[in-house]
Structure formats: C-alpha cells, structure tokens
Amino acid sequence: MIKFFWGNLLAFLPLFIFAACSYKLGYPEAGEGFFHLRVKNDSMAPILGAKVDRELRKKILKNGTFILVQNQEDADVSILVTLSNYTDSTEAYRPEDSLLAAGLNLGISAKIELRDQNGDIFLEKQVSANASVLRSESTRLPEESSSLHAIAEELASEIHLSILNQSW
C-alpha cells in the first residue's frame, strides 16, 4: 500500500507543480487590439523621424504585444510620437586644436500621446535620448549618421518601454 501511495504521488507531483506555476515566456501583455503608429518630426534633424519610426516598429513587432495597422480608423489606440528639441553640444576638445570640437553630444526629446478611438488622450509622456560622436581626425567631420542611428535606437527603446509599462 505504501508503494501505491508513493507511485501515485510521484505521478501527480509534476501536474501539481506545473499547474501552480503561472510563468509565461516573453513580455507581459500590455494591451489588446489594434494600434496605429505615427512619428512626427518637429526637430532640426530631417532623417531622424524615419529612423525612430523604423526602430520603434521593429521593437513593437519583435515584442508581439501590439498589432500595428495602416489606417487610423481601424485602430483601437493611436500612438503619436512628436520629435523635438534636437541639440548638438560640444562635449570634448583636443588640446592641439582650439577651434573645432573633437566630440559632440547629440540629444532629442519626444512627446508620446496615446489616444483612444474618440481622440481622447489617455497617456501623455515626455522621453529623451542622447548619443555622442567623435571626430576621427581634426580635418574630417564626425560621422553623424551612426550617432543618429544610436539616438533612434535609444529613443525607440524608451518609447517602447513607456508604452509597455501602462495599465490598459
């Protein structure tokens, strides 16, 4: 009788363990429904809007919690990202060069607005990102495109986390 009891217990033990576990792989589900994404560039960096849009779409699609649609009328929630306040400030000088900066710090701000189907805003948040760029030689301009890509990736991550951390 003791063998029978232990055998049944061992057979049902994995069932009890896995039934009590509520762990799920991946990100928590942030919301259900369809989302429309629009990135508006009001900054002085003309190609940054397209870079942020692409990086943010990549992050959303990789995550899989949101379903993006083309038309705003088909969406349950509209996400509007407005880029502004692009800055480039001097970060470092070379001792032998007194006129040109050896390094620049690039910064950008973004305002996130989430709207429902009626157009009412239920989330409004400001995020920002920074990146640095250095001159390889004093006679050459710094490679700004790589630093704009780094800013776009960082800003897309901040926006994505801001959207994910909401209770719907």
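A search of the whole structure, which is a predicted model, finds one aromatic pair, where rings of Phe, Tyr and Trp (its six-membered ring) are taken to pair if their centres lie within 6.5 Å, with planes under 30 degrees apart counted as stacked, over 60 as edge-to-face and the rest as tilted. The pair is formed by Phe35 and Phe66 and is edge-to-face, with 4.6 Å from centre to centre and 70° between the planes. It links distant parts of the chain, since Phe35 belongs to strand E1 whereas Phe66 sits in the loop between H2 and strand E2 (67-68), 31 residues apart; helices (H or I, at least four residues) and strands (E, at least two) are DSSP runs numbered from the N terminus. Phe35 is buried, with a relative accessible area of 1%, and Phe66 is likewise buried, at 4%, where buried means under 20% relative accessible area, exposed over 50% and partly exposed in between (1.4 Å probe, protein chains only).

Residues are numbered from 1 along each chain as its sequence is written, and side-chain values use heavy atoms, with hydrogens and water left out. As the model is predicted, local features need pLDDT of at least 70 and side-chain atom pairs count only at pLDDT 80 or more, while totals for chains, interfaces and linings use all residues.

The protein has three helices and five strands, which follow the pattern α-β-α-β-β-β-β-α when read along the sequence. Of its 168 residues, 35% count as buried. The accessible surface, computed by the Shrake-Rupley method with a 1.4 Å probe (for residues, only the protein chains shown count as cover), comes to about 11200 Å², of which 55% belongs to carbon and sulfur atoms. Among contacts between residues at least 6 apart in sequence, 68% join residues at least 24 apart, a contact being defined by heavy atoms within 4.5 Å.

The largest nonpolar core has 32 residues, and those with the most contacts inside it are Leu48, Val52, Val81, Leu83, Ile108, Leu155 and Ile159; such a core is a set of buried Ala, Val, Leu, Ile, Met, Phe, Trp, Tyr and Cys residues joined through side-chain atoms within 4.5 Å. Two or more residues of this core are given by each of strand E1 (34-41), helix H2 (48-63), strand E3 (77-93), strand E4 (101-115), strand E5 (121-134) and helix H3 (144-164). The largest share, eight residues, comes from H3. With neighbours within four places in sequence left aside, Leu155 is in contact with Val52, Leu83, Ile108, Ala110, Val127, Ser128 and Ala129.

Helix H2 has 16 residues and reaches 22 Å from its first C-alpha to its last, close to the 22 Å expected at 1.5 Å a residue, the expected span being 1.5 Å times one less than the number of residues. The buried residues of H2 are Leu48, Gly49, Lys51, Val52, Glu55, Leu56, Ile60 and Asn63. Seen down the helix axis, these buried residues fall within an arc of 165°, and they therefore line one face of H2; the arc is that of the directions from the helix axis to the C-beta atoms. The face turned away from the buried side carries the exposed residues Ala50, Leu61 and Lys62. H2 is followed by Gly64, whose phi is positive, near 85°.

A positive phi is also found at Asn85, with a value of about 55° although this residue is not a glycine. Most residues other than glycine have a negative phi. Asn85 lies in strand E3 and is exposed, with a relative accessible area of 51%.

Thr82, in strand E3, is buried at a relative accessible area of 16% and, with residues up to four places away in sequence not counted, touches Lys40, Asp42, Ser109, Ala110 and Lys111. Ser109, in strand E4, counts as buried at 15% relative accessibility, and its contacts, under the exclusion of residues up to four places away, are Thr82, Leu83, Ser84, Asn85, Gln126, Val127 and Ser128. Val127, found in strand E5, is buried with a relative accessible area of 7%. The C-alpha atoms of Val127 and Ser109 are separated by 5.8 Å, although the two residues are 18 residues apart along the chain. Not counting residues up to four places away in sequence, Val127 touches Ile108, Ser109, Ala110, Ile112, Leu155, Glu158, Ile159 and Ser162.
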